[in-house]
Amino acid sequence: MGNPIKIIKNGIFDENPTFVQVIGMCPTLAVTSSAINGIGMGLSTAAVLICSNLFISLLRKVIPDKVRIPCFIVVIATFVTIIQFLLQAYLPSLNASLGLYIPLIVVNCIILGRAEAYASKNSAIDSMCDGIGNGLGFTIALAVIGLVREFIGSGTLFNVTVLPDAFPKTLLFVMAPGAFFTLGCLMALLNHFKNKNKNKA
């Protein structure tokens with residue numbers, strides 16, 4: 001069994017799904033027009049990732065190798081359905097805001113990728129920690145992108161106005177091109193600090 005803290009840290013920083021691996025871009029770019037949407041999508045994906053990693057790891061020895069991908073998809077789809085029902089029951093406005101992107105978690109390459117690359121080959125505890133790390137990494141990335149886009153584009157944070165009306169708002173940031181621009185700038189910034197730390201070491 002690996003070190004749980006190291007596995008979680010790896011998913012958040014070293015192999016962050018958004019900023020390092022650059023996977024799961026569809027929801028990352030589509031739903032991060034606000035911080036609440038980003039956090040909601042991130043936590044929904046994280047919940048599915050943790051549960052599916054755990055169950056796939058527990059079932060890895062009984063799933064025939066030839067049908068492992070369809071089996072993984074069935075497990076993932078089950079948890080996505082549960083999450084969607086919970087959102088519909090308790091957070092209907094967030095569910096309506098995220099729309100089609102909740103069911104599309106089933107085919108999110110982060111979930112299927114971790115199931116194939118990690119959960120199907122490691123213990124249940126390690127797989128759950130991997131799910132927690134990658135889920136938190138994805139949630140943090142979406143929250144940061146959502147915060148930047150919402151602040152610059154609408155002058156709000158978590159739907160609360162923080163900039164005066166006189167302050168010019170760049171509506172481009174809450175539109176599709178703003179998502180690409182924000183992601184690119186944040187990735188460049190992170191790589192700059194990462195390279196700076198490597199040079200110091």
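**Reading a predicted model, residue by residue**

User: Where does N108 sit in this model?

Analyst: N108 is placed in the loop that runs between α5 (92-98) and α6 (109-119). The model is predicted.

User: Is N108 buried or exposed?

Analyst: Burial is read from relative accessible area, with buried meaning under 20%. N108 has 6% relative accessibility, so N108 counts as buried.

User: Which residues is N108 in contact with, leaving aside neighbours within four places in sequence?

Analyst: They are G24, P27, T45 and F138.

User: How should I read T78? What is its element, and what is its accessibility?

Analyst: T78 belongs to helix α4, residues 68-90. Its relative accessibility is 42%, and T78 therefore counts as partly exposed. A polar atom of the T78 side chain lies 2.8 Å from the backbone oxygen of V74. As for spacing, T78 and P17 are 61 residues apart along the chain, and their C-alpha atoms are separated by 22 Å.

User: How many aromatic pairs does a search of the whole structure find?

Analyst: The search finds 2 aromatic pairs. In one of them, F173 and F181 have ring centres 5.7 Å apart and planes at 80 degrees, so this pair is edge-to-face. The cut-off behind that label is an angle over 60 degrees. F173 is itself buried, at a relative accessible area of 12%.

User: Which residues line the largest pocket?

Analyst: The lining consists of K9, I12, F13, D14, N16, F19, V20, I140, M187, L190, N191 and K194. By class, the lining residues are 7 nonpolar, 2 polar and 3 charged.

User: V20 is in that lining. Where does V20 lie, and what is V20 in contact with?

Analyst: V20 lies in the loop between α1 and α2 (25-30). With a relative accessible area of 35%, V20 is partly exposed. Leaving aside neighbours within four places in sequence, V20 is in contact with F13, D14, E15 and K194. N191 also belongs to the lining; the C-alpha atoms of V20 and N191 are separated by 9.1 Å, although the two residues are 171 residues apart along the chain.

Definitions and conventions: Residues are numbered from 1 along each chain as its sequence is written. This is a predicted model: local features need pLDDT of at least 70, side-chain atom pairs count only at pLDDT 80 or more; totals for chains, interfaces and linings use all residues. Side-chain values use heavy atoms; hydrogens and water are left out. Rings of Phe, Tyr and Trp (its six-membered ring) pair if their centres lie within 6.5 Å; planes under 30 degrees apart count as stacked, over 60 as edge-to-face and the rest as tilted. Buried means under 20% relative accessible area, exposed over 50%, partly exposed in between (1.4 Å probe, protein chains only). On a 1 Å grid over the protein atoms alone, a cavity is a set of points where a 1.4 Å probe fits but cannot get out, and a pocket is an open set with protein on both sides within 12 Å along at least five of seven lines; lining residues have an atom within 4 Å of a point. Ala, Val, Leu, Ile, Met, Phe, Trp, Tyr, Cys and Pro count as nonpolar, Asp, Glu, Lys and Arg as charged, and the others, Gly among them, as polar. Helices (H or I, at least four residues) and strands (E, at least two) are DSSP runs, numbered from the N terminus. A polar contact is a pair of N or O atoms within 3.5 Å; within protein, one must be able to donate a hydrogen and the other to accept it, and residues adjacent in sequence count only if both atoms are side-chain atoms. Contact means heavy atoms within 4.5 Å.
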